[in-house]
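User: Could you go through this model with me?
Analyst: Gladly; here it is.

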Amino acid sequence: MARKMGISAALWYILLVNLISVYGLVDQGQGVYRKNSYDSATGSTGSFPFLMPMVSPKTPDLYLCTPIKVDPTTTYYIVGFNPNATMNTAHHMLLYGCGEPGTTKSTWNCGEMAQATAEEKASPCGPRSHSQILYAWARDAQKVILPAGVGFKVGKDSPTKYLVLQVHYAHIDRFKDGSTDDSGVFLDYTEKPLQKLAGTLLLGTDGIIPALQTEHMESACEITENKVLIPFAYRVHTHEMGKVVAGYRVRSNSEGIQEWVQLGKRDPLTPQMFYNVTNTEPIMSGDQLAIRCTIKNTRHRITEIGPTNEDEMCNFYLMYYVEHGDTLDMKYCFSQGPPYYYWSNPDTGLHNIPNIEASTL
């Protein structure tokens, strides 16, 4: 089994407070705040620029994080994500919701490559704090707008007290002359209370891909919480050797036969944005969510799952909302991957597995 925002009318009332320097953030962004200010009287949507603070990466495959603290006096609902990045600069970006950030620094190395350098390394979120992924971007993906009435709750009445932006800089040639970068995302938000709360579940695998072979990286987790999820968007992610990624809802019918319903399928080398799911039927307790990445290793060596351009990844992000209560406590679902984990293993509880390759997965 796999492991289981806005600004008010007053200029000085700010949605997000910079973790290190309040006045620096206000001075840097006041013009933008005025232009995109939030009108609490009308409940309109505001926009907040969450961007890297003009960084200049010096190490290939560097993961950099930067935090902002959500105004603790108000509850906000993020309803859209407008990326400010290109794949020529950023390999991918992740937006984390955290109880506490990984450090108190304005930027820090939050990737595996810190082990090979003298840089201090920390995770995006604090080691014992709330942690979830809200949004992900890669390969020139476009803006994401959530369904009407749906939002990610952050701030006062949410465990998400900080937002942390992570940017993976795979290549640094463009920074050798001292150039800087402000990749990031503009967050659309409202203070208007929303009943439909959004969540993101990340499914993925560990594992290896043998040299000159095609491998199926698979994972599955059962929904054990008494909640009804309405799926609405999905996103896939691999590195350069990914061929296709697909996700399924698996449910047993009245005769005990598992029925596999596809949620989404995508070539991971197309823009890695959130696409509409192919089936919006509710996901309930007792259902399983299952994913498969087809990876073709063209190298004359084993390729491992890992964070760098020399590694591979297998990820499927599922965005959903709940109409009542809170989102899933489960935020991540990962398996050991090959050669240890496959859907067909006797202990997974999965059966009636469709002939996916024949159906042009």
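Predicted model: local features only at pLDDT ≥ 70, side-chain atom pairs only at ≥ 80, totals over all residues.

User: How much space lies in the largest pocket?
Analyst: The largest pocket holds about 850 Å³ of space.

User: And which residues lie nearest its centre?
Analyst: Of the 33 residues that line the largest pocket, Leu94, Tyr96, Leu202, Met313 and Phe334 lie nearest its centre. The elements giving two or more residues to this lining are strands E5 (92-98), E7 (131-138), E12 (196-205), E15 (230-237), E21 (315-322) and E22 (332-335).

User: What's the lining of the largest pocket like by class?
Analyst: The lining has 19 nonpolar residues, together with 9 polar and 5 charged ones.

User: Where does the largest pocket lie relative to the domains?
Analyst: Residues of the lining come from both domain 1 (46-194) and domain 2 (201-335), so the largest pocket lies between the two.

User: Switching to the open sheet, what is the strand order?
Analyst: The open sheet has 4 strands in the order E14-E19-E16-E17, with antiparallel pairing. Strand E14 (214-222) and strand E17 (258-266) are at the edges, and each has a single partner strand, so one side of each is left without a neighbour in the sheet. From one strand to the next, the twist averages 20 degrees.

User: How many bridges join E16 to E19?
Analyst: Strand E16 (residues 242-252) and strand E19 (residues 288-296) run antiparallel and are joined by 8 bridges. As an example, Ala246 has Arg292 in E19 as its bridge partner.

User: New topic: how many aromatic pairs are there?
Analyst: The structure holds 12 aromatic pairs. One of them is formed by Phe81 and Phe152, whose rings are edge-to-face at 5.8 Å centre to centre, with 70 degrees between the planes.

User: Which strands do Phe81 and Phe152 lie in?
Analyst: Phe81 belongs to strand E4 (residues 75-84) and Phe152 to strand E9 (residues 150-155), so this pair ties together parts that are 71 residues apart in sequence.

User: What about the phi of Asp61, positive or negative?
Analyst: Asp61 has a positive phi of about 60 degrees, although it is not a glycine. Asp61 sits in the loop between strand E2 (46-51) and strand E3 (62-70).

How values were computed. Residues numbered from 1 in each chain as written. Heavy atoms only, no water. 1 Å grid on protein atoms, 1.4 Å probe; cavity = no way out; pocket = protein on both sides within 12 Å on 5 of 7 lines; lining within 4 Å. Points joined across faces, edges and corners; volume = space filled by probe spheres on them. Nonpolar A, V, L, I, M, F, W, Y, C, P; charged D, E, K, R; others polar. Domains from an automatic or database assignment. Pairing = 2+ DSSP bridges. Axes fitted to C-alpha atoms, helices over the stretch in contact; angles between N-to-C directions. Phe/Tyr/Trp six-rings, centres within 6.5 Å; stacked < 30°, edge-to-face > 60°.
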